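I'm putting the structure up here before I write anything down about it.

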Amino acid sequence: MADGSCFFKGRRIVLITKHGKERVIKPTLEKATGCQVLLDTSFDTDQLGTFTREIARPGTQLEAARRKAQKGMELTGLDIGLASEGSFGPHPLIPFLPWNVEIVLLVDDREKLEIYGMCANSETNFTQTLVADLREAEDFARKIGFPEHWLVLRPDNERHQSVVKGINKWEHLKDAVKWGFAKSAAGKVFLETDMRAHANPTRMRNIQKAAEDLAKKIKQQCPRCGTPGFSVTVRKKGLPCEWCGRPTEETKARVFTCGRCGFSKEKRMPRSKKAPAGRCQYCNP
Ligand SMILES: [Zn+2]
Ligand SMILES: [Zn+2]
C-alpha cells in the first residue's frame with residue numbers, strides 16, 4: 001500500500017514531551033507521514049499524571065494520550081498532534097509478571113482522525129522495594145540495571161512526602177540513601193525504578209516499538225477513501241486444529257476497518273494455516 005505522505009502532505013505535526021521521547025518518535029513518524037514533527041517541551045506533562053503517585057492520571061491511557069496531543073495543538077496552533085502514554089502494572093493474567101503498555105497516538109483535528117500504535121509486553125524493569133541498609137539498596141540497583149536505568153527514593157514508604165528523583169550515579173545513590181535513613185521514622189528506605197522515558201532505556205525501546213506500530217498503521221490506507229490507519233478492529237477465533245480440524249481459540253480471520261468512512265474488509269487466514277494441536281481443547285484439553 002502507499003504511504004501516508006500524500007494524505008498529510010505539507011502539514012506539520014506537534015509532539016509534546018519533556019522526557020526525550022522525540023528520539024524514538026520523531027524520525028519514525030516523519031518518515032511515515034512525510035511531515036515535519038515539531039517538538040513542544042514548554043508544557044509540563046507531569047501535570048497530567050506521574051508514575052510516582054504525586055499526581056494521579058485521570059481516565060484511561062488513551063484518554064491521557066489524547067489530552068497531551070490536544071495540549072500540543074493548543075500551544076502551537078497546529079492541527080495534528082502526537083503524544084505517548086505508558087502504563088505499568090502486573091500482567092492481566094499472570095500477576096507475578098510485570099506488564100508495560102505503551103501507546104503512541106496521532107490526532108488529526110482537521111480530518112477528525114485518530115490512529116494509535118501500541119506495544120504491550122513484559123520487557124520492563126518496573127519494580128519497587130524497601131531496604132534496610134546501603135548494601136540492600138545497591139543490590140537492588142544492580143538488579144534493575146542501574147545506573148543506565150535511574151532510581152527514585154523516598155524515606156519509609158511509597159507515600160512519603162519527600163522524594164528524590166533522577167538518581168543516576170552510584171555516589172548520588174549513596175547520598176540519597178543516607179538522606180532517606182536520616183528522614184525515616186521506621187529505619188527503612190523505599191526505592192523504585194524511575195519509569196520516565198529518559199530515565200529508562202528499556203521503556204524507551206517499547207515506546208519506539210509503539211511508534212513503529214503507529215507508522216505501520218499510517219501506511220495502511222483505506223482501499224475506498226485512502227485514509228491512513230486502515231487497521232485490525234476485530235479478530236475472529238476458530239482456526240482449525242492441525243490434527244482434528246475442530247475450531248480453536250486461534251485467530252481465523254481479521255477484520256480491517258477504516259476510522260473515517262467505516263469501510264471494512266475481512267482477511268481470512270490461508271486454508272493451509274492450522275492451529276497447533278496444543279491449542280485445541282479436544283486434542284489437548
Ligand atoms: Zn484438535
Ligand atoms: Zn475509508
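Below are my entries, starting with the ground rules and ending with the metal sites.

**Ground rules.** I'm looking at a predicted model, where local features need pLDDT of at least 70 and side-chain atom pairs count only at pLDDT 80 or more, while totals for chains, interfaces and linings use all residues. Residues are numbered from 1 along each chain as its sequence is written, chains are lettered from A and ligands numbered from 1 in the order in which they are written, and side-chain values use heavy atoms, with hydrogens and water left out.

**Whole chain.** I looked up the secondary structure and got 5 helices and 12 strands. These are DSSP runs numbered from the N terminus, with at least four residues (H or I) for a helix and at least two (E) for a strand. The C-alpha atoms fill a box of roughly 65 × 60 × 30 Å along the principal axes.

Next I checked burial: 45% of the 285 residues are buried. Buried means under 20% relative accessible area, exposed means over 50%, and partly exposed is in between (1.4 Å probe, protein chains only).

Then contacts, meaning heavy atoms within 4.5 Å. Among those between residues at least 6 apart in sequence, 62% join residues at least 24 apart.

**Zinc, ligand 2.** Which residues are the protein donors here? I found Cys 222, Cys 225, Cys 258 and Cys 261, each through SG, lying 2.3 to 2.4 Å from the zinc ion. Donors are N, O and S atoms within 2.8 Å of the metal (3.2 Å for Na, K and Ca); water is not among the atoms, so sites may look incomplete. The angles among the 4 donor atoms run from 106 to 116 degrees, and the site is tetrahedral (for four donors, all angles between 85 and 135 degrees). Along the sequence I read the spacing as C-x2-C-x32-C-x2-C.

Buried or exposed, I wondered about Cys 222? Cys 222 counts as buried because its relative accessibility is 4%. Cys 225, at 34%, is partly exposed.

**Zinc, ligand 1.** The donors are SG atoms again: Cys 241, Cys 244, Cys 280 and Cys 283, lying 2.3 Å from the ion. This site is tetrahedral too, with angles of 106 to 113 degrees. The donor spacing is C-x2-C-x35-C-x2-C. One pair links distant parts of the chain, 42 residues apart: Cys 241 sits in the loop between strand 10 (231-237) and strand 11 (251-257), and Cys 283 in the segment after strand 12 (264-268).

Cys 241 is buried at 2%, whereas Cys 283 is partly exposed at 29%.

Methods:
Four donors count as tetrahedral if all angles lie between 85 and 135 degrees; four count as square planar and six as octahedral if opposite donors are over 155 degrees apart and all others between 65 and 115; anything else is irregular.
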